[in-house]
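Hi everyone, thanks for coming.

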Amino acid sequence: MPRYNPSNSLHNPEKLFFAVLTGGRTASHWLTQMLSAHPKIFALQNGRNQLKRHLGKAMGITEYYDLLDHLGTSFDMAGDVHGVSLAETSHLKNKYGSNFRYAFMTRDPITRITSMKYMYPQEGFQRGLDMVNHVAQGTPLEMWDRVRYVNGTWLVGEAPIYKMEEITSEWSAVDSLLRYLAHNYSEGVNEAVSLAETVGGAFNKQRSSLRPGTNKFGSDRKIYSAEEDFEKWTGDERLYFRRHLNPSARRAYELMGYDLSFV
Amino acid sequence: MTKYKPTDSLHAPHKLFFAVLTSGRTASHWLTQMLSAHPQIFTLQHGRNQLKKHLGQDVGIIKYYDLLGHLGNSFDMVGDVHGIRFRELGELKKRYGSSFKCAFMTRNPITRLTSVKHMYPSDGFRRGLTIVNCIVNGADAHMWEQINFVNGTWLVGEDPIYKMEELTSEWAVVDSLLRYLSHDYSKCVKESHGLLETVGDTFNNQRSSKRPGAGSAAKIYSAEEDFKTWTADERKEFRQGFSPQARKAYELMGYDLSFI
């Protein structure tokens with residue numbers, strides 16, 4: 001694989017690039033704020049879509065990351081949350097080599113669909129089901145057959161999968177994601193500015209309403225009870241869901257520890 | 001003045017917009033990181049220029065700020081450091097009304113010029129002198145005749161001026177800038193987020209080398225010592241080329257230029 005050529009970067013030859021692949025209603029808004037809270041990290045939430053809507057210019061993924069690099073000229077790490085598809089990660093790996101990393105963020109399928117229903121009263125259920133079956137944006141179902149658990153982390157191929165419920169409520173999960181994306185602080189991000197501590201400071205000062213997975217960080221109390229959500233669906237919705245939840249997606253979710261026994 | 005209409009914003013009807021006007025070698029890189037460290041603030045450093053380089057054309061100030069609002073759709077406050085010209089402020093104030101605030105950041109002219117010299121060995125002195133005379137990016141030097149000291153703050157028109165030396169070394173000055181840009185937390189930036197506390201953590205966690213004026217600020221940036229390192233020709237050219245209006249403005253703001 002071609003290595004990232006430092007001369008491609010005008011401003012910081014050690015710059016790191018990242019992407020977090022996820023779907024709707026999975027705290028990508030919150031995660032963008034979290035990552036941006038570090039003075040060395042520049043993150044956009046699906047910025048390519050905003051650029052397209054606003055400037056009328058559709059961009060390929062490498063062109064978008066070139067622009068991310070330049071817009072984030074003051075930062076050591078630049079990346080996108082919720083705006084990169086799995087197929088596009090190979091282009092970024094070709095361009096940046098080991099200076100690019102990506103991770104997935106997923107969520108309990110029942111609470112995700114419930115959230116979609118609230119957001120789109122008309123078609124939210126179907127949209128949510130489609131998303132649940134694809135798990136991560138643009139991800140082929142087949143890849144979820146390859147989910148495996150290695151050294152305490154769920155992986156699809158080489159990329160780790162984080163659960164929204166954990167990342168928004170457990171500091172160790174945030175720490176893990178940050179360490180992974182920032183190459184364990186060992187390359188371009190300055191160790192002296194403690195990544196976890198700085199983001200942690202901002203994190204703990206966030207209003208609880210902006211922490212989707214919990215009322216209080218570190219609390220055991222779950223505010224997302226999938227079983228309770230499921231019981232609130234109509235009988236037709238529950239029936240439809242049972243018939244149309246893709247078996248390989250269900251298997252992947254259960255493999256990652258989501259309890260779907262009540263479905 | 002036309003008031004900002006909430007309907008103009010697709011994502012955050014109470015979004016705040018800001019600009020910090022400054023020029024080269026004035027810690028804009030550092031300030032961008034500082035402001036970005038707050039989870040509710042989205043900041044680009046001269047992002048419009050980056051867009052221009054990338055798209056091959058200037059998008060214009062209004063379109064740039066519209067785009068800033070959309071790129072920063074996860075944030076309550078968005079703005080730019082070092083990318084806005086003085087003459088463009090009117091357009092932004094007209095569009096966003098009281099939801100827009102701007103501030104200036106300046107620096108001792110001697111240390112700034114010395115810094116530009118180090119950055120551009122061949123033509124840094126001339127470039128630095130031009131910047132020093134204009135003080136803020138693209139500003140008409142005549143604006144500095146309007147400088148006023150009101151309630152403890154230097155102002156150009158209604159907008160405050162901050163000194164880089166103070167901003168990068170005194171927490172009270174950072175506090176003042178943040179309060180000013182965020183409307184003293186009175187509108188949409190959530191008080192409970194602890195704007196100052198959060199950015200303050202970052203400020204204190206920054207390596208001292210990243211705080212341009214931190215630590216022994218007075219010693220690191222001794223204008224008189226810097227001046228002595230210049231060649232005799234440079235000192236002479238500076239005395240001849242330094243605009244009297246700019247000198248008056250700098251001295252009014254407390255910069256000691258008596259040794260020139």
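**Strands and helices in chains B and A**

Let's start with one pair of residues in chain B: B:Thr43 has B:Gly79, in strand E3(B), as its bridge partner. Please keep in mind as we go that this is a predicted model.

That pair belongs to a longer pairing. E2(B) and strand E3 of chain B, residues 77–81, run parallel and are joined by five bridges. As a reminder from class, strands of a sheet pair through backbone hydrogen bonds, either parallel or antiparallel.

Now zoom out to the whole sheet. Chain B has seven strands forming an open sheet, and the order is E2-E3-E1-E4-E7-E6-E5, with mixed pairing.

Helix H1 of chain B, residues 28–36, touches strands E1 (16–21), E2, E3 and E4 (100–106) of chain B. The direction of H1 makes about 160 degrees with that of E2(B).

Staying in chain B, look at two helices. The axes of H5 (residues 109–119) and H6 (residues 124–134) of chain B come within 8 Å and cross at roughly 145 degrees. The crossing of H5(B) and H6(B) is right-handed. Among the residues making this contact are B:Leu113 and B:Val116 of H5(B), and B:Phe125 and B:Leu129 of H6(B). What kinds of residues make up the contact of H5(B) with H6(B)? They divide into eight nonpolar, three polar and three charged.

Over to chain A. In helix H5 (residues 109–119) of chain A, nine of the eleven residues are buried. The buried ones include A:Ile110, A:Arg112 and A:Lys117. They pack against helices H6 (124–134), H10 (226–232) and H12 (247–255) of chain A.

Finally, strand E2 of chain A, residues 41–45: is it buried or exposed? Five of its five residues are buried, so the strand is largely enclosed by the rest of the structure. A:Ile41, A:Ala43 and A:Gln45 point one way from E2(A), while A:Phe42 and A:Leu44 point the other way. In a regular strand, side chains alternate between the two faces of the sheet. E2(A) pairs with strand E3 (residues 77–81) of chain A in the parallel sense over five bridges, and A:Ala43 has A:Gly79 as its bridge partner there.

Key
Residues numbered from 1 in each chain as written. Chains lettered and ligands numbered in written order. Predicted model: local features only at pLDDT ≥ 70, side-chain atom pairs only at ≥ 80, totals over all residues. Axes fitted to C-alpha atoms, helices over the stretch in contact; angles between N-to-C directions. Helix = DSSP H or I, 4+ residues; strand = E, 2+ residues; numbered from the N terminus. Left-handed = near helix turned anticlockwise from the far one by under 90°. Contact = placed C-beta atoms within 7 Å. Nonpolar A, V, L, I, M, F, W, Y, C, P; charged D, E, K, R; others polar. Pairing = 2+ DSSP bridges. Buried ≥ 20, exposed ≤ 12 C-beta atoms within 10 Å, placed from the backbone.
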